[in-house]
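Please consider the sequence and the structure shown below. The explanation that follows leads through selected elements in turn.

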Amino acid sequence: MPAIKKVMLQNFKKFESLTLEFDAGVNVLIGDNETGKSSVLLGLDLALSASRSHVETIGYESLLAQSAVKAFQHGPRTLDQLPELVVEVFLEEGDDQGYYGTQNLAGAMTDGIGMKIAPLIEEFGATIHQLLQDDPEGFPYEYYGVKFYTFSGGPHVSYRRPVKHLLLDSSRIDSEYAAREYTRTVFSFNAEPPERYSLENRYRRGKEAFRDKELAALNADLGAYQFGVRTSIRANLETDLVITKDGIPIENRGKGEQCFIKTEFALRRHEAKGELHALLLEEPENHLSHTRMKLLVEQLAATAGTQLFIATHSSHICSRLDLRHALLLGSDQQAGRLKALTEPTASFFMKAPDNNVLEFALSKKVILVEGDAEFILIEELYKKHSNGRTPQADQVHIISIGGTSFKRYLELGMLLGIRVAAIRDNDGDYQQHCVENYKESLYKGAQIFADKDDARSTFEIGLYQDNKAACDELFAAGRKKLTVQEYMLKNKADAAFELLRKKSAALVPPQYIKDAIAWINE
Amino acid sequence: MDKRVIFAVAGSGKTTHLISKLSLEKRALIITYTENNYSHLRNSIIKKFGTLPSNITVMTYFAFLHGFCFRPFMQNEMNTRGLNFRRPPQRNYALNDRERYRDRGGRLYHNRLAKLIEVEGLLPGIKARIERFYDTVYVDEVQDFAGHDFNLLLQISAANTEMLFVGDFYQHTFDTSRDGSVNSTLHDDITKYEKRFAKAKIKVDKETLSKSWRCGTTVCDFISTHLQIKIDSHKGRVSQIIKVDSQEFADRLHADHGIVKLFQEQHYKYGCYSQNWGASKGQDHYEDVCVVMGSKAWKQYLEGKLHESVAQTRNKLYVAFSRARGGVYIAPDKLFKAYKT
């Protein structure tokens, strides 16, 4: 299987320059909105397809990085400064010399293919020059052209693709182009070429037979002008084929169902040779119910022989497919890998209940809390101690991780350089639980915040002691067996919620929480 | 690593020999000069395997030179746009000046590309590339390599793979390219020519393909005597060499569509089944042939001095005579003058 090893983008969409290395198996692209996850998939799709018409339909204007265009317009605006767009796909080395060479951005001697959108200086140099002079605002998109090449400097043509791939974009899953492209691709790797051509041939002949038999009577009286049946390239077997499930064309099913069926059908293994080398999935969680998504993830995880590229916002997809496969796209055109995550931590996130690992990974500053009570109150406490600003305004994320899996998150945080304030209980032994315990896990930018007084072993005890009056006022009434403290410990979330509702103005947080809030924004 | 050049005689089965060496196991690169021979080799491979196996690559020389040796290393750096098959203008550029090698439109002069490759220091990379992808390199029509191309061939032959070159020194009628005086006397003397290969550590083999399957003993003897080019026959078949000495005889031949008339040039002007001497190279389907000679050659023939004609003429005559499976008619072109338009 010719695996995709790397992609290099230059002036493509929002990327002035980006290099991403891929695994031969699963690759999960994660990132905030607008970090370019879809662009990476689009770049792969365009370069691998080598379809000029597809590129032209999208348009050079929307593909060429606007930052590069701006930079050009602010510069001397000479021909040699016109930006070029490059997408290069590096492949695992094979036996075909036609893909092997140094004609790539890295100058590396290896296998690969590329796409370049560049101004046609040789052909239209004088015209472009004139245009740039006459119109100080204009940019000569019309004089750009696209070229597909291999790393040996030869042309790359669509009928000889080294990697058979398919892009499933759930947001455009019901567009006509996507549907046709899907059917065509799936047909081509389900039917071997001889079978395919024989089917196409028989289909065409069938149409001719219909004309000769069924239309004959009608045509008999018509003289020179006759009715025929279209057999052009727009009306052949490939264009007329649809995929059905239980007799119903999948186009007529809901978007979620379509997305699911299409992925499942594409991944199904066939004995036939012409299999699918790479599947590009754009936000497969869209339109899918939670149950469906779990099924899909199971499918994806069990996939062998097809390289997967999945762009997703879903923590579930991301962590269940092993975080070590994740590629994190940042807003600063940087990409991080979670490859270095230890095996136990990766399996922890795969096994742990649905979690906020993606939110954590995508944040710059995080306050981790242990339980629901802290989570309920911390936003209010935060505002109080940061001059009324909300955590969102400071780009601080508050994540409740339930239980004490701090170390797992800290490992991830270290890898991604996230500033983490972890707030936990001392459980009766500050030195042991909150200092010794994290000796190995802490890094510059991560700190544990807990009460140093072993007697104040949990959040509720500290909170009660610091806000005795308010708590007594709220909870003392009606207490028969339990003390107020005991009540708060037994009903942590409810008590916290009551405090938030009725006493938020008077609430004094324990010192370690104040410290954490101050520290996170240092 | 066996490196060998086989000097073959006409009709001795060069292509057959080459094709017999191919298998589905070894990765083979086959380079030939003319488009004609390229399709011939390609068809022969398809005949043998039913298809073009993925481990066997056939390239014309210029596809190899440009697509395999130059492009993978230099395409982007020099931003070139293919080859220019015209002669470069008479301007003096230094050897290391890139302008020497390309025209204003960014096309590379075909006859200097091999030199550019050497000057740019690409040879080690090309050798590594050959080793990376092929177990054996075959070069057919090796006698056509001339100018810088011949030097390049010897240089890359040092790659650590098997090399088998096949050619017929006397069938040298075209050059891959020429550039000034580079290798301009290469084909003047077969002994010196052989030495060039030997010096590059390529074994010279004159035995394997020294006998013609196509030509019978009579024709081989005729060629050996009159052109002084050594050629033996496998078959020992006897045929006839007939001198055409009357207009009536020539008229009969002109009208006979079973006998091809081979002219030195412009054969199409004679309005009969015909071909030029040189262009008949590679043709294997003629039975009897009629070789038509100009007055000078005719005179030399009559005096038994045909071997004294200039090398190019002698080679072309050799090609023409050796087309014959059967007999040869030899005629002076004055008997065909009446038909010339």
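In this predicted model, Ala422(A) has Ile448(A) of strand β18(A) as its bridge partner. This pair belongs to the contact between β18(A) and strand β17, residues 419-423 of chain A, two strands that run parallel and are joined by four bridges. Both strands are part of an open sheet of four strands in chain A, arranged in the order β16-β15-β17-β18 with parallel pairing. At its edges lie β16 (396-400) and β18 (446-449) of chain A, each of which pairs on one side only. From one strand to the next, the twist averages 20°. Helix α15 of chain A, residues 372-384, packs on this sheet and touches β15 (365-369), β16 and β17 of chain A. The direction of α15 makes about 155° with that of β16(A).

Why can α16(A), residues 406-416, be described as largely enclosed by the rest of the structure? Eight of its 11 residues are buried, so the helix is largely enclosed. The buried residues are Phe406(A), Arg408(A), Tyr409(A), Leu410(A), Glu411(A), Leu412(A), Gly413(A) and Leu415(A). Charged side chains are thus represented in the buried set, which includes Arg408(A) and Glu411(A). The buried residues of α16(A) pack against strands β15, β17 and β18 of chain A, as well as against helices α13 (343-351) and α14 (357-361) of chain A. Just after α16(A), Gly417(A) adopts a positive phi of about 65°.

Burial also characterises a strand elsewhere in chain A. Strand β8(A), residues 165-169, has five of its five residues buried, and it is therefore largely enclosed by the rest of the structure. His165(A), Leu167(A) and Asp169(A) point one way from β8(A), whereas Leu166(A) and Leu168(A) point the other way. Strand β8(A) runs parallel to strand β11 of chain A, residues 278-282, and five bridges join the two. Within this pairing, Leu168(A) stands opposite Leu281(A) of β11(A).

Leu327(A) counts as buried because 23 other C-beta atoms lie within 10 Å, the cut-off being 20 or more. Between the C-alpha atoms of Leu327(A) and Ala217(A) the separation is 65 Å, and the two residues are 110 residues apart along the chain.

Two packed helices are described by the angle between their axes and the distance between the axes. Helix α10(A), residues 255-267, packs with helix α11(A), residues 290-301, at an angle of about 15° and with the axes 11 Å apart. Because of this angle, α10(A) is roughly parallel to α11(A). The crossing of these two helices is left-handed. From α10(A), the contact draws on Gly256(A), Phe260(A), Thr263(A), Glu264(A) and Leu267(A), which meet Arg292(A), Leu296(A) and Gln299(A) of α11(A). In terms of class, three of the residues in the contact of α10(A) with α11(A) are nonpolar, three are polar and two are charged.

The second pair consists of helix α19(A), residues 468-475, and helix α21(A), residues 492-503, whose axes are 11 Å apart and whose packing angle is about 105°. These two helices are therefore roughly perpendicular to each other. Helix α19(A) contributes Ala470(A), Leu474(A) and Phe475(A), while α21(A) contributes Ala495(A), Glu498(A), Leu499(A), Lys502(A) and Lys503(A). By class, the contact of α19(A) with α21(A) comprises five nonpolar residues, no polar residues and three charged residues.

Strand β2(B), residues 28-32, pairs with β3(B) in the parallel sense over five bridges. Ala28(B) stands opposite Ile56(B) in β3(B).

Finally, the two chains meet in a contact that takes 10 residues from chain A and 10 residues from chain B. On the side of chain A that touches chain B, one residue is nonpolar, seven are polar and two are charged.

Terms used
Residues numbered from 1 in each chain as written. Chains lettered and ligands numbered in written order. Predicted model: local features only at pLDDT ≥ 70, side-chain atom pairs only at ≥ 80, totals over all residues. Pairing = 2+ DSSP bridges. Axes fitted to C-alpha atoms, helices over the stretch in contact; angles between N-to-C directions. Contact = placed C-beta atoms within 7 Å. Parallel < 35°, antiparallel > 145°, perpendicular 65-115°, else oblique. Left-handed = near helix turned anticlockwise from the far one by under 90°. Buried ≥ 20, exposed ≤ 12 C-beta atoms within 10 Å, placed from the backbone.
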